Amino acid sequence: MANIEISRAERLDQRVVAMLPQLSRAYAAKLIEGKRVSVNGAFQVKAGYKMKPNDVVAVDYDPAKEESIPDIDLEIVYEDDDCVVINKPVGLLTHSKGAFNPEPTVATWLRKRCERLDLAHLDNRGDEHMRGLTFHTSRAGIVHRLDRATSGVMICAKTPEALSWLQKQFAQRKTKKTYRAVIKGTMNPEAAVIDMPIERNPKAPATFRVGPQGKHAQTMYRTLATGGGYSLLELKPETGRTHQLRVHLAHQGAPIVGDVLYNGEPADRLYLHAEELELTILAGHERKVFRVNTPGGFEDKLKHGS
């Protein structure tokens, strides 16, 4: 009986929201994880801590001192009750590494969108049902990631079931991804499969390289067009290693334009774009292909050169 009573007890994040109704459960969890909430004079870092009778909670929260994350708008390609597909612009992080980083990311956009949708759903139903993810981490709802410098199609999950469903497809390589990239010069041959393992570069830990101790990595490429001293490539990664496309092309002596991390020609952006994503969505288990057009600057590079 005692265990049943504890399981029904109020959670600490619920108590924080009850004390400060302007906060979301997600934000309350961040305050807790950041050691800004104490119970009986001691920090408690578990949002799910079960409150006991006579527990005294104190919250270090001053709205005037809080940094707010700016709202951003993202192009939505597709959306249903389980997922949302977006066109991520260049320069936007997929998610933040820091708990209180005020920089907007795909993850912060998703959190705000889902919180608004949940509130609307709550209003419509008139009860306390909350169907979506609980955004207690900076990566909630993120199924896969694109580098900050890479633009293109991304799918995000809005429910725990969809998150598991979609992540499993990426892990089992049941998704198909197509990218476009611009390189200086030409590829020889014009189309091939690069099958070379990738490992972290111990001399520059923020980068990766082809190496015998690396993990299996495979990229199909073909040349779509050439002009002005540049080539436009179609890339289909069969695996999903960090920086895979950038490392594979750099190893072929053809780094992506703008990829100065891998000795590419300096440019106004990294000329790498995630153009197409094929997978099976949870709704109806339907196979879908999501596509976002390659930015015009890619073909302009071939027309006008540098």
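Reply: What follows goes from the chain as a whole to its cores, a helix, the salt bridges and some backbone details. This is a predicted model, in which local features need pLDDT of at least 70 and side-chain atom pairs count only at pLDDT 80 or more, while totals for chains, interfaces and linings use all residues. Residues are numbered from 1 along each chain as its sequence is written, and side-chain values use heavy atoms, with hydrogens and water left out.

The chain has 7 helices and 14 strands (DSSP runs numbered from the N terminus, helices being H or I of at least four residues and strands E of at least two). Of its 306 residues, 45% are buried. Buried means under 20% relative accessible area, exposed means over 50%, and partly exposed is in between, with a 1.4 Å probe and protein chains only. Among contacts (heavy atoms within 4.5 Å) between residues at least 6 apart in sequence, 62% join residues at least 24 apart.

In soluble globular proteins, nonpolar side chains tend to be buried together. A nonpolar core is here a set of buried Ala, Val, Leu, Ile, Met, Phe, Trp, Tyr and Cys residues joined through side-chain atoms within 4.5 Å. The largest one has 50 residues, and Ile 155, Val 182, Leu 235, Leu 249, Leu 272 and Leu 279 have the most contacts inside it. Beyond its neighbours within four places in sequence, Leu 235 touches Leu 249 and Leu 272, and its other contacts include Lys 177, Tyr 179, Met 220 and Leu 245. A separate second core has 16 residues, among them Leu 12, Val 39, Met 51 and Val 57.

Leu 12 also belongs to helix H2 (residues 12-19), where Asp 13, Val 16 and Val 17 are buried along with it. These four lie on the same side of H2, because they cover an arc of only 140° around the axis (taken from the directions from the helix axis to the C-beta atoms). Their cover includes helix H3 (25-33), strand E1 (37-39) and strand E3 (57-59).

Asp 13 has a relative accessible area of 0%, yet its side chain forms a salt bridge with Arg 11 (2.9 Å, N to O). Arg 11 is partly exposed at 23%. A salt bridge is a side-chain nitrogen of Lys or Arg within 4 Å of a carboxyl oxygen of Asp or Glu; the count is 16.

Another salt bridge joins Lys 158 and Glu 79, with 2.9 Å between the closest N and O atoms. Lys 158 sits in the loop between strand E6 (151-157) and helix H5 (160-171), and Glu 79 in strand E4 (residues 75-79), 79 residues apart. Lys 158 is buried at 4%, whereas Glu 79 is partly exposed at 27%.

Most residues other than glycine have a negative phi, and most peptide bonds are trans. His 243, however, has a positive phi near 60°. His 243 is buried at 14%, in the loop between strand E12 (230-237) and helix H6 (244-251). The peptide bond between Asn 188 and Pro 189 is cis, with omega about 5°.
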